[in-house]
Amino acid sequence: PMSHISQKLEYKVIIISHKGIRVKGDDISDKLAENLELESNRLASDGWEFLSAVPTISSEGAVSKLLVTYKKVKG
């Protein structure tokens, strides 16, 4: 039988947004993706694993902020 090792996890929740002037209704998906990728790579180097991204604010049909959750094993 396999032994199960209980691991304690910790979570980090951050907001990803695009800083700068926006024209109302602009699609800034590419900027959000770029910021999410940069932040995810930075956190991954410290052991954080991407878990989920949820849009939190939309304006004129375009998402302008993401609530992003990461997890890692405590230790």
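1. Serine 52 lies in strand S2, where helices (H or I, at least four residues) and strands (E, at least two) are DSSP runs numbered from the N terminus. At 28% relative accessibility, serine 52 counts as partly exposed; buried means under 20% relative accessible area, exposed over 50%, and partly exposed in between (1.4 Å probe, protein chains only). Serine 52 and tyrosine 70 are 18 residues apart in sequence, and their C-alpha atoms are 7.1 Å apart in space.

2. On the model itself: this is a predicted model, in which local features need pLDDT of at least 70 and side-chain atom pairs count only at pLDDT 80 or more, while totals for chains, interfaces and linings use all residues. Residues are numbered from 1 along each chain as its sequence is written, and side-chain values use heavy atoms, with hydrogens and water left out.

3. The chain has 1 helix and 3 strands. Read from the N terminus on, the order of the elements is β-α-β-β. Of the 75 residues of the chain, 21% count as buried.

4. The structure holds 1 aromatic pair. The rings of phenylalanine 50 and tyrosine 70 have centres 6.0 Å apart and planes at 80 degrees, so the pair is edge-to-face. By the criterion used, rings of Phe, Tyr and Trp (its six-membered ring) pair if their centres lie within 6.5 Å; planes under 30 degrees apart count as stacked, over 60 as edge-to-face and the rest as tilted. Phenylalanine 50 lies in strand S2 (residues 49-59) and tyrosine 70 in strand S3 (residues 62-73), so the pair ties together parts that are 20 residues apart in sequence. Phenylalanine 50 is partly exposed, at a relative accessible area of 39%, whereas tyrosine 70 is buried, at 1%.

5. There are 2 salt bridges in the structure, a salt bridge being a side-chain nitrogen of Lys or Arg within 4 Å of a carboxyl oxygen of Asp or Glu. One joins glutamate 39 to arginine 42, with the closest N and O atoms 2.4 Å apart. Both glutamate 39 and arginine 42 lie in helix H1, 3 residues apart, about one turn of the helix.

6. Another salt bridge is formed by the side chains of lysine 72 and aspartate 46 (3.9 Å, N to O). This pair links distant parts of the chain, with lysine 72 in strand S3 and aspartate 46 in the loop between H1 and S2, 26 residues apart. Lysine 72 has 17% relative accessibility and counts as buried.

7. Leu9, Tyr11, Leu51 and Val73 make a nonpolar surface patch of about 360 Å². Patches are made of residues with over 30% relative accessible area and no salt bridge; like charges are joined within 9 Å, and nonpolar side chains (Val, Leu, Ile, Met, Phe, Trp, Tyr) within 5 Å. Accessible areas come from the Shrake-Rupley method with a 1.4 Å probe, and for residues only the protein chains shown count as cover.

8. A negative surface patch is formed by Asp27, Asp30, Glu34 and Glu37. Asp and Glu count as negative and Lys and Arg as positive, with His and the chain ends not counted; the place of a charge is taken as NZ of Lys, CZ of Arg, CG of Asp or CD of Glu. Aspartate 30 is found in helix H1 (residues 29-44).

9. Two further C-alpha separations concern the strands. Valine 68, in strand S3, counts as buried at 0% relative accessibility; its C-alpha atom is separated by 7.6 Å from that of leucine 51, 17 residues apart along the chain. Isoleucine 15, in strand S1 (residues 9-17), counts as exposed at 54% relative accessibility. The C-alpha atoms of isoleucine 15 and alanine 53 are separated by 9.3 Å, at 38 residues apart along the chain.
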